[in-house]
Amino acid sequence: MNKMKKIYTIFILLLGVFNLSCSESKTGTHSENKTGENIFDTMADTISGSKFEYNVAESAPDTFNLVHLFLPNSYDAQLLNDKHPENIRNYEAADIFDLLFEGLVRIDENGKIVPGLAEKWETNKDKTKWTFHLRKGLKYSDGTPIKAEDFKTALLRMLNPEIISPSTDVLFLVKNGRKFYEGKVKAEDVGIKILNNNETIELELIKPTGYFDMLMAKVEFSPLKQEFFGKLGQKYGKAPENTLYSGPYIIKSIGKRKLLLEKNKNYWNSSNIKMNKINVYGGLWDGDDHKRIAESKGIDATVVYSQFFSRTKLKNDMKETQRLSTGPSHYYVFNTKVKVLSNPKVRKAIDAVMAGETRKEYGFVPEYISINGKNFSALAAKNGKIESESYHYKNIKELLDEGLKELGINKMPVLNIVIKENSIDRFSENLKKYLGIDIKVTRVSYKDLILKSRKKDFDIIENEILLGFSDPILYLERFVSDSPYNYGSYSNSEYDKLIKIASETKDINVKTDVLVKAENIYEKENPAAKMGYGEITRVILEIPGIKGLKLVPYGGILYLRNVNKAK
């Protein structure tokens, strides 16, 4: 993706955020604080349009003052990625959720999987059973014990159809997880067992999954105490006192666009948490206002989008210390149960146009790596570069016609392509121009996009995967016959065998070799159309003396657990 395309994609993504969170476009003015008090500048609230003032807490050795782009709409771990309108922006504050909740395993500042509330875990030989052993003496923020059954409560809640989260699909890997979601079996039939006096949880899977521990590193899978949750019902997570915290911090109070976090004294590792308090001031401004934030008294650090920040020299000592580019990779899944899309030549012709790779001379030259470039390429991991495979057709229409002839179809039917309501239609015109295909574009909410994917209610549908872990199996596994993410029902027995070997082996060379073979099959059969990724760059600005603040490679969230101040 060239520079201009990246900039355009960033703009569209940000526009989507505003479309989802704002009823209209609003602006305001900046008013200088001319008093000598430690009062944050009066800023224009671009979300509500009203003026307000921040009263920044006095800078202290045990207090960290952070300006954040977003604040959550609720404080319910299972709703972090829920796509109902009232929760749609929660994921933007994933780094705050990471301070409040902790699961069996978690992601550290380097993007690696490390023990969380589980002290250790193991899997059986074929990677179909995963057993997690809790630490001794775990407690919630109120001092009550955390038990293995609380994780079962959380996982079963995630399988409730009322929660519309892409993270739920992970639990379809658990035995009878999908059937429970569909209301076909009872809770006791799901492959979740509580063992060893409520200190161990065992998860039985429907297929070998050698990286299941990686998939469990989601805040949504944090423990949930049934008794506490059951009493509160819809009120759970709506106020600080209506939430039980399992992470290193609790919410002490909520102000207007401000959160006061305080160390959770009952957290198992509280002695290694340096800051007693973290004050989070929420907001989203343009570059000039970010500059003012960086120059305001009392603020220790801020994280901003790079396009909102001017590199102009600041008046104070706050400096840029890190920037990291991340974002979701978008791809379009073909429903192979639709007759015309069951042919790989038809899919490849459509993919060539949707990916924008049309060539006047050869027809098309598809990139070898379909979706995520170096991030998800087994071949690149092996050879240190991305290779290409050229298909020398004078006209891509010839390829389409070959596929239609093999199917016994004389005329291409109208195709229904489902996309998110704020996505851009970049393909209809070209599909008509180069292939003569009429397209019906159906725009739906993110919530309905997930539901249509699960129900396989589409011809072609937009999908995404978060960039982060540089393991190609995370994407390639989505097209295994029994994968919960295989929305297009693609099936190839040889491909399945290769991914199974890659998932089970501990030999990195064997894994790489079989994934390269799997990628070759993927490229030949095109179960999805490639569309590239949306890159967003986040920047940390901090004053001298701040230590331990870091952007995590996985998802680009701000890692705050290690933050401290030099003495």
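A: The following account takes up the aromatic rings, then the charges placed over rings, and lastly the sheet and the confidence of the model.

The model is predicted, and the count of aromatic pairs comes to 16. One of them joins Phe228 and Tyr236: the ring centres are 6.2 Å apart and the planes stand at 80 degrees, over the 60 degrees required, so this pair is edge-to-face. Tyr236 also pairs with Phe229, with centres 5.4 Å apart and planes at 90 degrees, so this pair too is edge-to-face. Tyr236 is buried, as its relative accessible area is 4%; Phe229 is likewise buried, at 18%. Elsewhere, ring pairs connect Tyr331, Tyr475, Phe479 and Tyr522 into a cluster.

Two arginines lie over aromatic rings. Arg478 places its charged end over the ring of Tyr485, 4.3 Å from the centre. Arg135 lies over the face of Trp268, 3.5 Å from the ring centre.

As to the sheet, 7 strands form an open, mixed arrangement in the order β10-β11-β12-β3-β13-β23-β14. Its edge strands are β10 (249–255) and β14 (319–326). Strand β10 runs antiparallel to β11 (residues 258–263), to which 6 bridges join it, and Gly255 is opposite Lys258 in β11.

Regarding confidence, the mean pLDDT of the protein chain is 80, and 76% of its residues reach 70 or more. Residues 1–53, however, have pLDDT below 50, and residues 357–381 stay under 50. Where pLDDT is low, the predicted coordinates should not be read in detail.

Notes. Residues are numbered from 1 along each chain as its sequence is written. This is a predicted model: local features need pLDDT of at least 70, side-chain atom pairs count only at pLDDT 80 or more; totals for chains, interfaces and linings use all residues. Side-chain values use heavy atoms; hydrogens and water are left out. pLDDT is the predictor's confidence in each residue, from 0 to 100. Contact means heavy atoms within 4.5 Å. Two strands pair if DSSP finds at least two bridges between them. Helices (H or I, at least four residues) and strands (E, at least two) are DSSP runs, numbered from the N terminus. Rings of Phe, Tyr and Trp (its six-membered ring) pair if their centres lie within 6.5 Å; planes under 30 degrees apart count as stacked, over 60 as edge-to-face and the rest as tilted. Buried means under 20% relative accessible area, exposed over 50%, partly exposed in between (1.4 Å probe, protein chains only). A charge sits over a ring if NZ of Lys or CZ of Arg is within 6 Å of the ring centre and within 35 degrees of the ring normal.
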